[in-house]
Amino acid sequence: PHTAIIIVAAGSGTRLEARAPKAFVGIDNRTILRHALDGVFAAQPLQVIVVAPAGHEGDAQTELLAAAGDRADLGRVVTGGATRQESVAAGLAALWGDVTTVLVHDAARALTPPSVIDAVAAAVTAQAAALPVLPVVDTLKRVDGGVVTGTVDRSELAAAQTPQGFPRDALEAAYARAAEEGAEYTDDAALFAAAGHTVRLVPGSERSFKITTPDDLERARALLATAPP
Ligand code: CTP
Ligand code: MG
């Protein structure tokens with residue numbers, strides 16, 4: 001395939017407060033990483049790079065093989081870094097073959113629908129990235145020193161999800177530039193936009209929420225029980 005997905009799973013999951021690194025925490029009888037991989041392998045065929053925590057590469061390989069079935073040749077595991085940005089960079093360095101489009105996905109968004117992955121991949125162009133978003137539902141305030149200084153117009157805002165899709169060459173150049181400048185970005189779309197590129201929106205999904213806290217894990221469990229993939 002000319003499209004690859006980098007699944008970053010190298011975080012420790014501090015806020016989840018589990019015994020294992022977050023990717024290896026069970027939702028039901030399957031881990032967060034396994035659910036993320038199941039979604040990816042249900043999408044159109046992609047090269048799959050799993051970025052694992054140091055010391056857990058073998059565990060990640062086991063999950064990859066279980067999800068891949070007879071398509072294990074599409075997958076590869078590499079070791080992550082100290083920050084998410086470093087983990088994505090490690091994934092980029094592991095791409096092989098003639099990949100032209102790269103999706104970057106949080107393993108922690110374990111229940112992301114395959115249809116969203118396909119839609120993001122389809123929306124990437126040679127110049128522009130694709131970002132799945134949801135409308136912001138909360139009323140947001142601008143604040144300063146304990147007082148409200150303004151209300152933010154919700155229609156100008158969107159909540160960003162993953163996978164985020166990019167033309168490979170431009171993303172690699174943007175990553176090289178960020179590394180040179182020592183700049184840290186909140187997500188790949190921000191890093192890409194900082195290099196002067198366009199990021200287009202595609203509809204995200206409520207199911208793509210990031211499992212961050214124990215409450216999020218409960219939400220994922222409830223969702224699998226009532227509305228399985
Ligand atoms: N991630 C990564 N490498 C890092 C840090 C994060 O690959 N050094 C990945 C996580 O595994 C996760 C995604 O980036 O899939 C989003 O990060 P987050 O939800 O913050 O996960 P953690 O960093 O593991 O959690 P916490 O911040 O609570 O420690
Ligand atoms: Mg984190």
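These are my notebook entries on a predicted model of one chain with a ligand.

**Entry 1: Ground rules**

I noted that residues are numbered from 1 along each chain as its sequence is written, while chains are lettered from A and ligands numbered from 1 in the order in which they are written. In this predicted model, local features need pLDDT of at least 70 and side-chain atom pairs count only at pLDDT 80 or more, whereas totals for chains, interfaces and linings use all residues.

I looked up the confidence next. The term pLDDT stands for the predictor's confidence in each residue, from 0 to 100. The chain averages 97 on this scale, and 100% of the residues score at least 70. For the complex, the predictor gives an ipTM of 0.99 and a pTM of 0.97.

**Entry 2: The whole chain**

I found seven helices and 10 strands in the chain; helices (H or I, at least four residues) and strands (E, at least two) are DSSP runs, numbered from the N terminus. The chain is as compact as a globular protein of its length, because its radius of gyration of 17 Å is close to the 17 Å that the globule rule gives for 229 residues. That radius is taken over C-alpha atoms, and the rule is 2.2 Å times the number of residues to the power 0.38. The C-alpha trace spans about 55 × 40 × 30 Å along its principal axes.

I recorded that 39% of the 229 residues count as buried. A residue is buried if 20 or more other C-beta atoms lie within 10 Å of its own, exposed if 12 or fewer, and partly exposed in between, with C-beta atoms placed from the backbone. I then turned to contacts, in which the C-beta atoms of two residues, placed from the backbone, lie within 7 Å. Among contacts between residues at least 6 apart in sequence, 73% join residues at least 24 apart.

I began with strand β4, residues 101–106, where six of the six residues are buried. T101, L103 and H105 point one way from β4, and V102, V104 and D106 point the other way. In a regular strand the side chains alternate between the two faces of the sheet.

Which strands pair with β4? Two strands pair if DSSP finds at least two bridges between them. Strand β1, residues 3–8, pairs with β4 in the parallel sense over six bridges. Strand β9, residues 164–167, runs antiparallel to β4 and is joined to it by four bridges. I marked V102 of β4 as a reference point: A4 stands opposite V102, and V102 also stands opposite F166 in β9.

I moved on to strand β2, residues 47–52, which is largely enclosed by the rest of the structure, because six of its six residues are buried. Q47, I49 and V51 point one way from β2, while V48, V50 and A52 point the other way. β1 and β2 pair in the parallel sense over five bridges, and I5 stands opposite V48.

**Entry 3: A hairpin**

I looked up β6 (residues 141–144) and β7 (residues 147–151), which run antiparallel and are joined by four bridges. They form a hairpin with two residues between them, and G145 in the turn has a positive phi of about 60 degrees. D144 stands opposite V147 in β7.

**Entry 4: Backbone exceptions**

Most residues other than glycine have a negative phi, and most peptide bonds are trans. I noted E17, a residue other than glycine with a positive phi near 55 degrees. E17 is in the loop between β1 and α1 (32–42), and E17 is exposed, with 9 other C-beta atoms within 10 Å. The peptide bond from T162 to P163 is cis, with omega near 5 degrees. P163 is in the loop between β8 (158–160) and β9.

**Entry 5: Two single residues**

Is D188 buried or exposed? D188, in helix α6 (residues 188–194), is buried, with 30 other C-beta atoms within 10 Å. Not counting residues up to four places away in sequence, D188 touches V88, V104, Q164 and F166.

P203 lies in strand β10 (residues 199–203) and is exposed, with 12 other C-beta atoms within 10 Å. The C-alpha atoms of P203 and V116, 87 residues apart along the chain, are separated by 7.7 Å.

**Entry 6: The ligand**
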